[in-house]
Structures are given as structure tokens and as C-alpha cells.
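Please keep the sequence and the model in view while reading.

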Amino acid sequence: MNTLKVGDRVPDFTVQDQDGNEVSLADYKGKKLIVFFYPKASTPGCTAEACNLRDNYKELQTEGYSLLGVSADSQKRQTNFKNKYEFPFPLLADEEKVVINAFGVWGLKKFMGKEYDGIHRKTFIIDENGVVTRVIDKVKTKDHASQILDS
């Protein structure tokens, strides 16, 4: 797994969000961006994380951040997740792992004694020029916004 690090420029990408709209890194040029990766929509940890970001969205916006959630879920699953919890930010349906591989968050995981490939829960803070300024490896799903804001 070759994960982006602080100081790395994020490679440009274009994928579709939950509604089929194309979303590119270029859309966020000149803006601070939070890209959070989660393993699977509508699972307990991912729901807690995304709801915490939703509940603190205004504060994140006040600090100048835009948000993108990313998983390898289908558009339909992302749409259901977004609608059910009323997320005010786009969720990228990265089934082809374009963004996931660009950030290097796909790799070997262990759970209950089994090894498998999957998405590592990580968050990247990106500056106005598309450069990673911070990587959060140990995401606290229920308190993620304060992890981001307390930097």
C-alpha cells in the first residue's frame, strides 16, 4: 500500500458521486478539502464517522473546508446512505478504485483472524493547491470532526 503522505500532490481524478455527477480534484482547486475514506456505507463505524462530520459540517465549512466521502460502494448504495442520514456533502462511488488507488488506501486488512484486501479508514486534509497537509490514520469515528479541527 503506497499511501499519500504530507507534502505529496494529490493526483487528479474524476469519478461519479452518488447522483452520477462527475467530481474531480480540479473542482476543488483554490479550496481546502477533506477526503475521508470509509470501508462500507451504512455499516456502524462508517455511519458514526459520516454522521459526526455531518453534525459538525457548518463548523468545518467555517474553517474553509469542503468534504468528500469515498468508498468502493455502488452509486445506489451511496445514494441510500446519503439520503438516509441527510449528508450535506458528496459521496463518491469509487467502484473502479480510481480515487482509492490514487490515495493508496486499498490494501491488506485483518479482521477476526482473517486477512483480506479492503479500504483502510483514513482521512486526508488537502490545501488549496492540491497538496496533502495532514493524514489521519487512526480515525475516531464518533469524534472525527474534532480530530480534524484540533490540528
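## The largest pocket

Pro39, Lys109, Lys110, Phe111, Tyr116, Ile119, His120 and Arg121 line the largest pocket, where a pocket is an open set of points on a 1 Å grid over the protein atoms alone that a 1.4 Å probe fits, with protein on both sides within 12 Å along at least five of seven lines, and lining residues have an atom within 4 Å of a point. The elements that give two or more residues to this lining are S6 and S7, and S6 gives the most, with three residues. The volume of the largest pocket is about 150 Å³, taken as the space filled by probe spheres set on the points, which are joined across faces, edges and corners.

This is a predicted model, in which local features need pLDDT of at least 70 and side-chain atom pairs count only at pLDDT 80 or more, while totals for chains, interfaces and linings use all residues. Residues are numbered from 1 along each chain as its sequence is written, and side-chain values use heavy atoms, with hydrogens and water left out.

Strand S6 (residues 106–111) and strand S7 (residues 114–119) run antiparallel and are joined by six bridges; strands are DSSP runs (E, at least two residues) numbered from the N terminus, and two of them pair if DSSP finds at least two bridges between them. Lys109 has Tyr116 in S7 as its bridge partner, and both residues are among those lining the largest pocket. Two residues lie between the strands of this hairpin, and Met112 in the turn has a positive phi of about 50 degrees.

## Glu49

Glu49 lies in helix H1 (residues 44–55), helices being DSSP runs of H or I with at least four residues. Glu49 is buried, with a relative accessible area of 0%, buried meaning under 20% with a 1.4 Å probe and protein chains only. Not counting residues up to four places away in sequence, Glu49 touches Phe36, Phe37, Tyr38, Arg121, Thr123, Val139, Thr141 and His144, a contact being heavy atoms within 4.5 Å.

Methods. Buried means under 20% relative accessible area, exposed over 50%, partly exposed in between (1.4 Å probe, protein chains only).
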